[in-house]
Amino acid sequence: MRFFSAFLLLLLVSAAPVPAAEQKPAVPAIAVPALDDAALEQWNSKIQIYVKALNGMQNPRTVFSSYMAWAKEKGPTGKETSPGGISDVAPYMKSLETAAEQSDKISLKIPLMDLALHELAAAAKEVAPVASEANGYYRRKDYLEDGMAKGKELHPKIVAVFTRLFDAADRLSAMLRQVNPKVQKQALAQVERKYGKKYYWQHKNVMIAAGDLVDVTPTSTGAPLDKPAFDTALKQFLAAVKGFEDYYNATGEEAVRKEVQMGFAPGSFDSFIGYARELAANADHGDKSAAHKYGNALKSFIHSYNSLVDSSNHARFYMEKK
């Protein structure tokens, strides 16, 4: 049975002030109506496509970050001892175009999100040739022949196309963060109606609560933590974990293994809880040392969440109706 949609988070390592990517784009409210089983399946299908597209942004973000680490904001000078170049991202850009095509084949239309996905695909189409040209230039070491003239020419183009790509991805991500919890909570109610609060419901409930906790967490080390909102979401997550572990222990491992393969067990969420508490403990970061601890805690917390998402997406469930 299909599990719910969750997407990986990428941490922006920065100092204050908060970068534009952390200042979440303002997007219009997207209504999610009451969904019957057929409609819920369509919404989930669309969301899976959006999630896959956004998860595919990990590589281009890493590539651009690596490029900027050596080229800096002003771009290459020609005085670099060993320019780092830039990796080709064409396959990843093609996958974004494919995502838009797949979304169009589904009869359900979510106009704002569909438009955002098409904007992402259009931006990807601009990135691919620029990155490929730059990749070839640096691999051939043409800068040794032209004194980095082409590298200097390409730099503002690289920054511009990747910036448009990330802006488009951030808009879609903001919409998904708004819509996905609404859909998944309806899906959770559907699971309860059909199968009861068994393992699958407990698993899904915990991951929704984990997502709610992450939604009130900044994705930049330069952004402050909303401590009251975080504490409230953490309490709700801990309650969901307790419900999961109570069900698992009461049912017994042997019986649970008839409901799931490669699923969570008691203790599976301990590290995530630990990192959440560490993050909360380091929320007040006035000086440089405290800010460093906060940044490390945030990195560990997001990495732990991404590990949970990856594990949950590999779980396989065996469902029996009530």
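Glu133 is partly exposed at 37% relative accessibility, a class that lies between buried (under 20% relative accessible area) and exposed (over 50%), computed with a 1.4 Å probe on protein chains only. Its side chain meets that of Lys150 in a salt bridge, with 3.2 Å from N to O; the term stands for a side-chain nitrogen of Lys or Arg within 4 Å of a carboxyl oxygen of Asp or Glu. Glu133 belongs to helix H4 and Lys150 to helix H6, so the pair links distant parts of the chain, 17 residues apart. Helices here are DSSP runs of H or I with at least four residues, and strands are runs of E with at least two, numbered from the N terminus. Lys150 is also partly exposed, with a relative accessible area of 25%.

Salt bridges that share partners join Glu133, Lys150, Glu153 and Lys157 into one network.

## Basis of the model

This is a predicted model, in which local features need pLDDT of at least 70 and side-chain atom pairs count only at pLDDT 80 or more, while totals for chains, interfaces and linings use all residues. Residues are numbered from 1 along each chain as its sequence is written, and side-chain values use heavy atoms, with hydrogens and water left out.

## Other salt bridges

The whole structure holds 13 salt bridges. One of them is formed by the side chains of Lys194 and Asp37, at 3.2 Å from N to O. This pair connects distant parts of the chain, with Lys194 in helix H6 and Asp37 in helix H1, 157 residues apart. Lys194 is partly exposed at a relative accessible area of 26%, and Asp37 is partly exposed at 36%.

Lys185 forms a salt bridge with Asp212, where the closest N and O atoms are 3.3 Å apart. Here too distant parts of the chain are linked: Lys185 is in helix H6 and Asp212 in helix H7 (residues 199–215), 27 residues apart. Both count as partly exposed, Lys185 at 41% relative accessibility and Asp212 at 22%.

## Nonpolar cores

In soluble globular proteins, nonpolar side chains tend to be buried together. A nonpolar core is taken as a set of buried Ala, Val, Leu, Ile, Met, Phe, Trp, Tyr and Cys residues joined through side-chain atoms within 4.5 Å. The largest such core has 56 residues, of which Met113, Leu117, Leu120, Ile158, Phe162 and Leu165 touch the most other members. At least two residues of this core come from each of helices H1 (37–55), H2 (58–71), H3 (90–104), H4 (111–139) and H6 (149–195). Apart from it lies another core of 43 residues, including Ala233, Ala240, Val256 and Ala283.

Beyond its neighbours within four places in sequence, Phe162 is in contact (heavy atoms within 4.5 Å) with Pro60, Phe64, Ile86, Val89, Val127 and Ala131.

Val161 lies in helix H6 and is buried at 5% relative accessibility. Not counting residues up to four places away in sequence, Val161 touches Glu126, Val127 and Val130. Val161 and Ala116 are 45 residues apart in sequence, and their C-alpha atoms are 16 Å apart in space.

Ser312 is found in helix H11 (residues 288–313) and is buried, with a relative accessible area of 0%. The side chain of Ser312 reaches the backbone oxygen of Val309 at 2.9 Å.

Note on methods
A polar contact is a pair of N or O atoms within 3.5 Å; within protein, one must be able to donate a hydrogen and the other to accept it, and residues adjacent in sequence count only if both atoms are side-chain atoms.
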